[in-house]
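Subject: Structure for you to look at

Hello,

Please find the structure below, with notes on what turned up in it. The notes follow the structure.

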Amino acid sequence: MAAAASEAAKGRDGPDFSELPEGCIASVVSFTSPADACRLAPVSSLFKSACDSDAVWASFLPPECRHMVPRRVSSLKELYFSLCDDPVLVDDGKMSFSLERHSGKKCIMLSARALFITWGDTPRYWSWNPMPDSRFSEVAELINVCWLEIRGRISSRMLSPGTRYAAYLVFKSTPTFFGFDFQSVEVGVGFVDDEVGKRERSVYLSGENNTRGRQTMPRFRRIGVRFLPTPFELVDDNRDGGPPPAPASAEGNENHPKERRDGWSEIELGEFLTKDGEDGEVEMSVMETKGGNWKAGLVVEGIEIRPKEGKE
Amino acid sequence: MSSPPSASASSSPPPCPKKMITLRSSDGATFEIEETAALQSKTLENMIHENCASTLIPVPNITGEVLARVVEFCSKHAEAGVDDESLGAWDEEFVAVDHTTLFDYIRAANFLEIPTLLDLGCQTVADMIKGKTPDEIKKTFKITTACTPEEEEEVRGENQWAFE
């Protein structure tokens with residue numbers, strides 16, 4: 001405590017930070033972070049000028065950003081926040097690119113079109129439609145399948161090195177959402193050539209309240225194709241030992257979807273680490289192929305890959 | 001200053017004498033530095049190429065005390081055979097100084113355009129201010145041109161997300 005106080009006193013009597021050339025203050029700030037640069041701006045007008053300078057924000061922006069964005073901005077700081085708040089469509093609209101605000105790390109969302117969806121091209125099972133609140137021109141709507149298999153791939157070269165990333169399935173449910181209440185799905189993320197590192201786990205695409213406890217009312221499921229008069233059949237829960245038990249509350253919310261700010265829901269599929277100088281293909285998967293039950297009403301916007309919160 | 005003796009002195013030619021440059025500080029002190037070390041400074045590099053005949057370069061902005069340390073830094077970084085880890089440790093010790101000296105290094109590195117010293121100095125100061133609020137910065141460093149509370153409030157408002 002005494003040492004810190006004397007150090008503080010020394011600082012106050014010491015050199016005036018304001019006497020450093022603005023360029024030097026900008027160099028100092030460029031070694032901090034976007035959040036630091038914004039926090040330091042109110043210190044003095046010299047700091048504000050340095051913190052807002054293009055020299056600082058050039059160091060926070062990934063090098064390729066300055067050329068990829070066809071939007072009018074008056075400064076690199078403005079460009080940075082534009083990329084944080086307003087993802088850019090790339091690769092013919094099949095992916096979106098943005099930056100994570102605090103760190104400046106790259107985020108990518110693969111659209112449903114960029115994913116491999118088993119039976120995705122068969123209109124009886126999946127339908128492709130525009131949706132006004134999607135960033136992409138179309139989303140994939142699950143009509144009805146037994147075999148749910150969604151896979152995505154991304155080269156780690158497209159992401160920031162030395163970063164722990166997580167992948168999330170971004171989706172919604174329609175009124176015909178069915179078959180997910182008591183049925184978990186298997187999700188996994190990992191480098192293609194790293195069988196050891198790939199982690200798989202079971203999650204639910206249905207909200208936590210829907211999967212707690214056993215359902216006491218009889219369940220019906222729709223059979224046949226949508227839009228035609230469809231009979232119902234009673235689901236025999238007692239066959240095959242009944243529905244699987246609801247997840248223990250101790251597992252917390254990680255196994256259930258969360259609401260996103262853009263109105264969609266997301267469920268974490270897993271995480272991986274990008275390494276400096278080492279590139280590889282990362283595969284993400286969402287599978288439900290063992291239960292044999294029909295599933296419907298899932299709308300997939302895509303898979304988002306972004307830095308894992310709270311981890312460097 | 002002289003190269004270490006080679007293993008087979010009889011068969012290899014004698015090493016060339018290293019060209020020395022003399023720097024004169026603002027207070028008239030002079031310091032010798034090998035040309036190869038001086039070339040780390042873009043400013044000195046330009047001066048050396050412009051004044052081919054002369055080996056005395058005046059450095060009016062920098063005092064003898066600071067210039068001596070800058071010469072030490074450039075010489076160390078021009079040394080052959082130093083591994084990254086040792087150099088990193090040496091650099092850490094070099095910047096373990098009070099704020100006044102640290103700012104002097106930064107100003108000198110800025111004027112002489114020595115990227116390695118400038119980065120080292122700026123990174124050191126950056127590490128002191130990362131994660132701090134404006135109030136904490138003002139406690140650690142003297143800031144004579146601080147914003148008025150109204151100005152501060154306005155700029156804070158523009159950058160609100162960083163304070164949440």
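**Aromatic pairs**

A:Trp57, A:Phe60, A:Tyr80, A:Phe81 and B:Trp161 are linked into a cluster by ring pairs. Rings of Phe, Tyr and Trp (its six-membered ring) pair if their centres lie within 6.5 Å; planes under 30 degrees apart count as stacked, over 60 as edge-to-face and the rest as tilted.

Before going on, note that this is a predicted model, in which local features need pLDDT of at least 70, side-chain atom pairs count only at pLDDT 80 or more, and totals for chains, interfaces and linings use all residues. Residues are numbered from 1 along each chain as its sequence is written, chains are lettered from A and ligands numbered from 1 in the order in which they are written, and side-chain values use heavy atoms, with hydrogens and water left out.

Over all chains, the structure holds 17 aromatic pairs. One of them is formed by A:Phe17 and B:Phe141, which are edge-to-face, with 4.7 Å from centre to centre and 70 degrees between the planes. This pair crosses between chains: A:Phe17 is in the loop between α1 (2–13) and α2 (22–30) of chain A, and B:Phe141 is in the loop between α7 (134–140) and α8 (149–158) of chain B. Helices (H or I, at least four residues) and strands (E, at least two) are DSSP runs, numbered from the N terminus. Both A:Phe17 and B:Phe141 are buried. Buried means under 20% relative accessible area, exposed over 50%, and partly exposed in between (1.4 Å probe, protein chains only).

The ring centres of A:Phe81 and B:Trp161 are 5.6 Å apart and the planes are at 65 degrees, so this pair is edge-to-face. The pair joins two chains, because A:Phe81 lies in helix α7 (residues 76–85) of chain A and B:Trp161 in the segment after α8 of chain B. A:Phe81 and B:Trp161 are both buried.

**Salt bridges**

There are 29 salt bridges over all chains, each being a side-chain nitrogen of Lys or Arg within 4 Å of a carboxyl oxygen of Asp or Glu.

- A:Lys77 and A:Asp52 form a salt bridge, with the closest N and O atoms 3.0 Å apart. A:Lys77 lies in helix α7 of chain A and A:Asp52 in the loop between α4 (45–51) and α5 (54–60) of chain A, so the pair ties together parts that are 25 residues apart in sequence. A:Lys77 counts as buried at 14% relative accessibility, while A:Asp52 is partly exposed at 22%.
- A:Glu283 and A:Arg153 form a salt bridge, with the closest N and O atoms 3.6 Å apart. The pair links distant parts of the chain, 130 residues apart: A:Glu283 is in strand β15 (residues 281–288) and A:Arg153 in strand β7 (residues 148–155), both of chain A. A:Glu283 is buried at 16% relative accessible area, and A:Arg153 is partly exposed at 45%.
- A:Lys295 and A:Glu288 form a salt bridge, with the closest N and O atoms 2.7 Å apart. Both A:Lys295 and A:Glu288 are buried.

**Chain B**

Chain B has 8 helices and 3 strands. Of its 164 residues, 35% count as buried. B:Ile106 is in helix α5 (residues 99–112) of chain B, and B:Ile106 counts as buried at 0% relative accessibility.

Regards
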